[in-house]
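I opened my notebook to look up a few things in this structure. Here is what I went through, entry by entry.

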Amino acid sequence: MEQKEDDFSKETENEASMNQKSSKAQKTSSKKSKSKTESNTTPDEGAQARFSRIKLFEKVMKKSLENFIELASFNRFTSTFRPLYKRNPQRMENIYKQFIEELQRAIQNDITRLLEEGRLESKLNELDKLEDAAKDKTDPAWRPSGVPEQDLCSFLMPYYQKQEAYMRLELKKIQAENASLAEKVLAGRELLSQTEHRISATVEDWKVSVTEFEKLASALSTNVVDV
């Protein structure tokens with residue numbers, strides 16, 4: 001029994017070493033192809049890929065997934081299910097391949113869902129835009145001094161100064177509007193006074209005309225009675 005277990009462990013170790021060699025060969029070939037593609041890219045494309053946070057995030061997630069899959073090696077898998085592997089090694093190898101494929105697919109779907117639900121792509125692109133916009137600024141960036149009171153004042157004072165400038169501007173606009181309205185009111189009052197004066201003069205003229213008419217009528221009636 002012990003001899004069989006030793007043989008089984010040797011077989012698993014040999015298979016694990018073969019799998020590790022094949023994985024190393026795949027990695028070296030992928031690295032070579034990657035170096036070729038990187039050599040074909042222009043410096044502008046390399047800088048753009050280097051400074052793109054979403055590409056960096058995808059690269060980190062891909063590398064983390066590869067490291068995680070490497071931890072779930074075939075040797076560990078077979079050591080966990082040793083009796084089943086002992087009965088049918090080929091079937092266990094197929095099960096392991098299916099397990100790795102499903103695991104990679106599930107993790108990739110979770111990463112994609114995280115990107116969609118958290119809107120990480122748009123947020124990271126916004127950070128890239130903010131970084132590009134900050135390159136043109138020559139003013140030094142704000143850094144905390146270590147004193148909360150000073151940091152709070154340095155953060156709030158520009159805001160209050162902007163609010164004060166805005167309120168002063170609005171006050172000037174309101175004062176100008178009030179002055180214009182006051183001028184219109186004075187002009188209206190002057191027009192009303194002139195209208196009242198014209199009405200009073202017209203009334204006085206009318207009273208004089210009525211008085212003269214009454215006198216004329218009285219004189220005419222007297223003359224008629226005498227005749």
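**Entry 1: a pair in helix 6.** I began with Asp110 and Arg113, which both belong to helix 6 (residues 89-118) and sit three residues apart, about one turn of the helix. Helices here are DSSP runs of H or I with at least four residues, strands are runs of E with at least two, and both are numbered from the N terminus. The model is predicted, so I kept to its limits: local features need pLDDT of at least 70, side-chain atom pairs count only at pLDDT 80 or more, and totals for chains, interfaces and linings use all residues. Residues are numbered from 1 along each chain as its sequence is written, and side-chain values use heavy atoms, with hydrogens and water left out.

What joins the side chains of Asp110 and Arg113? I found a salt bridge, 2.8 Å from N to O. The term asks for a side-chain nitrogen of Lys or Arg within 4 Å of a carboxyl oxygen of Asp or Glu. I noted the general point that an α-helix has 3.6 residues a turn, so residues three or four places apart point the same way.

Next I checked accessibility, where buried means under 20% relative accessible area, exposed means over 50%, and partly exposed lies in between (1.4 Å probe, protein chains only). Asp110 is partly exposed because its relative accessibility is 43%. Arg113 is partly exposed too, at 40%.

Entry 2: Is Arg168 buried or exposed? Arg168 has 54% relative accessibility, so I wrote it down as exposed, while Glu164 at 42% is partly exposed.

Lys173 and Glu170 also meet in a salt bridge, with 3.9 Å from N to O. About one helical turn separates Lys173 and Glu170, because they are three residues apart in helix 8. I have Lys173 as partly exposed at 44% and Glu170 as partly exposed at 25%.

**Entry 3: back to helix 6.** I looked at its length. Helix 6 has 30 residues and spans 43 Å from first C-alpha to last, close to the 44 Å expected at 1.5 Å a residue; the expected span is 1.5 Å times one less than the number of residues.

Which residues of helix 6 are buried? My list reads Met92, Tyr96, Ile100, Leu103, Ile111 and Leu115. The buried residues of helix 6 pack against helix 3 (53-71), helix 4 (74-80), helix 5 (82-87) and helix 7 (120-135).

Entry 4: Arg119 follows helix 6 and is found in the loop between helix 6 and helix 7. I noted its phi, near 50°, as a positive value in a residue other than glycine. Arg119 is exposed, because its relative accessibility is 53%.

**Entry 5: how helix 7 is packed.** Axes are lines fitted to C-alpha atoms, for helices over the stretch in contact, and angles run from 0 to 180 degrees between N-to-C directions. The axes of helix 6 and helix 7 are 6 Å apart, and the helices pack at about 65°. That makes helix 6 roughly perpendicular to helix 7. Angles of 65 to 115 degrees count as roughly perpendicular, under 35 as roughly parallel, over 145 as roughly antiparallel, and the rest as oblique.

Contact means heavy atoms within 4.5 Å. Leu114, Leu115 and Gly118 in helix 6 meet Leu120, Glu121 and Lys123 in helix 7. I sorted the residues of this contact of helix 6 with helix 7 into three nonpolar, one polar and two charged. The classes are Ala, Val, Leu, Ile, Met, Phe, Trp, Tyr, Cys and Pro as nonpolar, Asp, Glu, Lys and Arg as charged, and the others, Gly among them, as polar.

The axes of helix 3 and helix 7 come within 8 Å and cross at roughly 130°. That makes helix 3 oblique to helix 7.

**Entry 6: the whole protein.** I finished with the overview: eight helices and zero strands. Buried residues make up 9% of the 227 residues.
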